[in-house]
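Hi! Have a look at it first, then read on.

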Amino acid sequence: MKRWLLVLLIALSFVTQFQLQVAVSVGESQYFTSYHQAVNHDIAFGALLPLHSRDKRGICGSPKRQEGFLWLHALQYAVEDVNRKWDARRFNASLTLTVCDTCNDEQIALEQALDLAYTYKKKLDGGDDLKPVLGVISSSKNKDASTLLGLFKVPQIIFGKDNNTPDSPGDILQSVSIGYYKARALADLVKYFTWSAVSVVYSTEHQDDFEIFLRISNIEKLCVAVKVLLSGEGTHSVSYEQTIVKLLSEPASTIVILFTDDRETKKILQTVKIVKPTSQFTWIVTNQRDVHCFEGNSEDDNFVIVPHFPFMEGFKDYFENKGDTIEFNSIIQMPVDQSSCSNIGTADSPSKRRKEEIQASMNSIYLLAHAYEKASHAIIGRTTMQLDRVVFSRSLGHVLDVFYSQNWKRFSGQQHMKENIFSLISVKSNGSVKNHVTVGTWDSSWYINGFRIKWRNQTVPKSSCGNQCPPGHIRVLKNDNECCWSCATCHYNQIVKDDYTCVDCLRGYWPNEDFKKCEFQWQRTLFFCTLAVSFVALVFLFMVL
């Protein structure tokens with residue numbers, strides 16, 4: 001059996017090598033286009049984009065794919081920005097972009113991925129026109145192509161959301177976009193109001209946002225007391241009524257962050273009105289398409305986080321100056337039939353999705369460029385100045401790790417990443433009357449006007465999970481959640497070693513008043529000794545009688 005497996009592996013290796021040789025002989029395929037942004041073609045990054053579609057005859061060329069050309073211009077915009085910054089710093093490199101048209105077809109995408117895999121394996125000082133690529137940028141829809149590139153260990157950054165995408169291997173990294181900055185803004189908001197714990201409700205559609213927030217919370221040491229997955233495909237999902245019940249399992253955690261769409265948010269708040277819980281919640285809504293359509297809950301405090309894309313104006317001017325036949329507003333703006341409140345929650349917002357894809361594609365270029373800078377510095381002083389691809393791949397992973405550290409603000413600002421600005425809007429609802437007031441703005445940190453916030457109880461609500469245990473008590477964790485606990489009493493002759501452990505005292509020693517150490521108490525020892533002697537004397541007395 002092992003011999004047959006060995007033969008099969010050898011055969012697969014020969015087939016792979018043959019495919020690469022075919023790619024060499026063919027050269028650039030009919031769908032292969034190079035977009036050069038500078039005279040000195042020092043380095044190149046590949047991009048898999050659907051620029052056209054196949055017609056009825058199977059020929060790729062028309063019509064144009066609007067999203068593909070939108071992503072292409074976004075990448076070109078970032079490439080030109082990087083080259084300007086490198087020229088100003090006299091950094092001896094120039095970035096180019098090698099774009100492969102997938103024609104919105106999986107088979108063609110695989111062919112283009114194979115071409116890029118070959119160029120990745122080439123020497124960096126190759127003399128022909130097909131420039132070697134150091135990494136590949138791809139949409140999350142190109143799952144099979146990304147898997148193929150991963151087999152060749154080609155560093156990749158993907159952008160866009162696809163809920164059916166499996167867990168990515170180490171060579172496939174996710175770009176930075178609104179989900180990351182939203183998580184940062186929420187974490188800063190929790191710290192600003194000194195909330196000890198929060199609860200989170202999320203749906204499968206917004207699970208990526210939830211997981212990023214959970215990762216940021218762990219870094220910032222924030223407590224997520226309750227995590228609820230709404231009814232959907234997940235095995236641990238629950239209904240709306242069960243969601244409220246789970247939130248009430250930690251009644252002291254009154255701040256609830258909702259990673260849900262408009263319809264799900266509305267249903268949750270309607271269920272709260274039906275259940276009428278004893279706890280009063282503060283709802284923070286993160287994915288409301290139109291804040292003016294959000295009614296909130298009249299019995300609770302309601303806030304909406306609204307994202308802004310400040311870099312879009314500059315990109316719009318760049319896009320329109322390209323003279324493309326595709327109109328910018330036709331891609332970005334929300335269709336009229338989806339803009340009314342009656343249609344909220346029935347479909348994903350194309351406006352927000354397109355802006356997020358533009359942001360993620362631009363940031364892919366900035367991440368790859370910075371990884372190249374780090375890898376270039378790493379080879380300074382060597383006998384050979386040949387760039388090590390392993391060093392580049394490691395640098396790319398390190399760059400993304402920096403975002404999940406305390407140094408993210410300085411790094412994001414230095415690399416001119418495309419960041420979001422968020423508004424915090426307080427929503428008060430009283431029947432048919434709705435009042436929306438902007439009370440704060442996040443631009444790497446929160447600027448909040450506390451006088452504009454009208455809290456339901458005239459003060460900032462408290463939110464916690466596990467109170468301070470009194471002396472002589474230890475913490476008992478709830479469901480392995482390190483930030484939520486109940487208190488248990490130690491035995492009468494035990495002291496508290498730490499927050500989770502009781503320790504016995506030696507004979508003759510007893511806990512002191514705060515149960516921190518054992519002390520010899522002669523009065524108590526003398527009392528028990530006297531009691532023991534008296535008992536023995538009484539026994540002898542009965543024996544004599």
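Helix α2 (residues 66-89) and helix α9 (residues 312-321) cross at roughly 110 degrees, and their axes come within 10 Å. Axes here are lines fitted to C-alpha atoms, for helices over the stretch in contact, and angles run from 0 to 180 degrees between N-to-C directions. That is why α2 and α9 count as roughly perpendicular to each other (the labels go: under 35 degrees roughly parallel, over 145 roughly antiparallel, 65 to 115 roughly perpendicular, the rest oblique). On the α2 side you'll find Phe69, Leu70, His73, Ala74, Gln76, Tyr77 and Glu80, and they meet Gly314, Phe315, Tyr318 and Phe319 of α9. Contact means heavy atoms within 4.5 Å. Sorted by class, the contact of α2 with α9 has seven nonpolar residues, three polar ones and one charged one. (Ala, Val, Leu, Ile, Met, Phe, Trp, Tyr, Cys and Pro count as nonpolar, Asp, Glu, Lys and Arg as charged, and the others, Gly among them, as polar.)

Before you go further, two bits of housekeeping. This is a predicted model, where local features need pLDDT of at least 70, side-chain atom pairs count only at pLDDT 80 or more, and totals for chains, interfaces and linings use all residues. Residues are numbered from 1 along each chain as its sequence is written, and side-chain values use heavy atoms, with hydrogens and water left out.

Now the overall picture. The protein has 14 helices and 22 strands; these are DSSP runs numbered from the N terminus, with helices being H or I of at least four residues and strands E of at least two. Of its 545 residues, 49% are buried (buried means under 20% relative accessible area, exposed over 50%, partly exposed in between, with a 1.4 Å probe and protein chains only). Among contacts with a separation of 6 or more, 64% are between residues 24 or more positions apart.

Back to helix pairs. Helix α7 (residues 240-248) packs against helix α8 (residues 262-275) at an angle of about 65 degrees, with axes 9 Å apart. That makes α7 roughly perpendicular to α8. Their crossing is right-handed (right-handed if the near helix is turned clockwise from the far one by less than a right angle, left-handed if anticlockwise). Tyr240, Glu241 and Ile244 are the α7 residues in this contact, and α8 brings Arg263, Glu264, Lys267, Ile268, Thr271, Val272 and Val275. By class, the contact of α7 with α8 has five nonpolar, one polar and four charged residues.

What about α5 and α6? Helix α5 (residues 178-192) and helix α6 (residues 207-219) also have their axes 9 Å apart, and they pack at about 45 degrees. So α5 and α6 are oblique to each other, and their crossing is right-handed. Here Gly179, Tyr180, Lys182, Ala183, Arg184, Leu186 and Ala187 of α5 meet Asp209, Ile212, Phe213 and Ile216 of α6. The classes in the contact of α5 with α6 are seven nonpolar, one polar and three charged residues.

Helix α12 (residues 389-403) has 15 residues and spans 22 Å from its first C-alpha to its last, close to the 21 Å expected at 1.5 Å a residue (that is, 1.5 Å times one less than the number of residues). The buried residues of α12 include Phe392, Leu396, Val399 and Phe403.

Val136 is in strand β6 (residues 136-139). Is Val136 buried or exposed? Val136 is buried, because its relative accessible area is 0%. Beyond its neighbours within four places in sequence, Val136 is in contact with residues including Gly46, Leu48, Leu116 and Ile157.

Leu148 is in helix α4 (residues 143-151). Leaving out neighbours within four places in sequence, Leu148 is in contact with Leu110, Ala113 and Leu114.

Most residues other than glycine have a negative phi. Asn104 is not a glycine, yet has a positive phi of about 55 degrees. Asn104 is in the loop between β5 (95-101) and α3 (106-121), and counts as partly exposed because its relative accessibility is 47%. Ser444, also not a glycine, has a positive phi of about 75 degrees. Ser444 sits in the loop between β15 (433-442) and β16 (446-448), and at 18% relative accessibility Ser444 counts as buried.
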